[in-house]
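Look at the sequence and the 3D structure below. The report that follows goes through the charged pairs, the strands and a few single residues.

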Amino acid sequence: MLQPIGDRVIVKVKEEEEKTVSGIVLASNAKKKPIEGEVVAVGEGAYASNGEKIPMVVKKGDVVIYDRYSGTNVEYEGEKYLVLHEKDILAIEK
């Protein structure tokens with residue numbers, strides 16, 4: 001598995017439905033970009049200007065909601081992931 005660096009997080013993206021409620025199949029360009037996924041790896045945290053390590057809030061296994069246009073899409077061993085900074089995570093589902 002990939003290990004993120006600093007305050008980065010690797011998320012397995014939850015794919016959006018390809019059909020509407022009424023059963024209409026959506027074209028790939030008509031679907032909204034996903035904003036939810038499961039954290040699969042977490043970096044060690046960022047460092048403050050005084051040298052202190054800032055601990056990560058999210059942890060492996062958390063289901064998170066993130067900014068729609070944040071992060072970098074990565075494919076690793078046939079799976080699609082999103083690598084983003086912890087600051088781009090908006091909420092953790094409880």
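## Salt bridges

Glu79 is partly exposed, because its relative accessibility is 33%. Lys12 is partly exposed too, with a relative accessibility of 32%. The side chains of these two residues, Glu79 and Lys12, form a salt bridge, with 2.6 Å from N to O. This pair connects distant parts of the chain: Glu79 belongs to strand E7 and Lys12 to strand E1, and 67 residues separate them. The model in which these contacts are found is a predicted one.

The count of salt bridges in the model is 3. Another of them joins the side chains of Glu36 and Lys14, at 4.0 Å from N to O. Glu36 sits in strand E2 and Lys14 in the loop between E1 and E2, so distant parts of the chain, 22 residues apart, are linked. Lys14 has 49% relative accessibility and therefore counts as partly exposed. Lys59 and Asp62 also meet through their side chains in a salt bridge, at 3.1 Å from N to O. Asp62 counts as buried, because its relative accessibility is 10%, and the cut-off for buried is under 20%.

## Overall make-up

The protein has 0 helices and 8 strands. Along the sequence this reads as β-β-β-β-β-β-β-β. The protein has 94 residues, and 29% of them count as buried.

The accessible surface of the protein is about 6,600 Å², and carbon and sulfur atoms account for 52% of that surface. For contacts between residues at least 6 apart in sequence, 64% join residues that are at least 24 apart.

## The sheet

In what order do the strands of the open sheet stand? The sheet has 6 strands in the order E6-E7-E1-E2-E5-E8, and the pairing is antiparallel. Strands E6 and E8 are at the edges and have a single partner strand each, so one side of each has no neighbour in the sheet. On average, neighbouring strands of this sheet are turned by 45 degrees against each other, with direction ignored.

Strand E1 covers residues 8-13 and is joined to E7 by 5 bridges, with the two running antiparallel. Within this pairing, Lys12 has Tyr81 in E7 as its bridge partner. E1 is also joined by 5 bridges to strand E2, residues 36-42, again in the antiparallel sense. Here Val13 stands opposite Gly37 in E2. Strand E5, residues 63-66, pairs with E8 over 3 bridges, and this pairing is antiparallel. Val64 has Ile92 in E8 as its bridge partner.

## Two loop residues

Asp88 lies in the loop between strand E7, residues 79-85, and strand E8, residues 89-92.

Glu77 is found in the loop between strand E6, residues 72-76, and E7. Is Glu77 exposed or buried? Glu77 counts as exposed, because its relative accessibility is 68%. Its phi angle is near 50 degrees, a positive value in a residue other than glycine.

Technical notes:
Residues numbered from 1 in each chain as written. Predicted model: local features only at pLDDT ≥ 70, side-chain atom pairs only at ≥ 80, totals over all residues. Heavy atoms only, no water. Helix = DSSP H or I, 4+ residues; strand = E, 2+ residues; numbered from the N terminus. Buried < 20%, exposed > 50% of the residue type's maximum accessible area, 1.4 Å probe, protein only. Contact = heavy atoms within 4.5 Å. Areas by Shrake-Rupley, 256 points an atom, 1.4 Å probe, with all protein chains shown as cover. Pairing = 2+ DSSP bridges. Axes fitted to C-alpha atoms, helices over the stretch in contact; angles between N-to-C directions.
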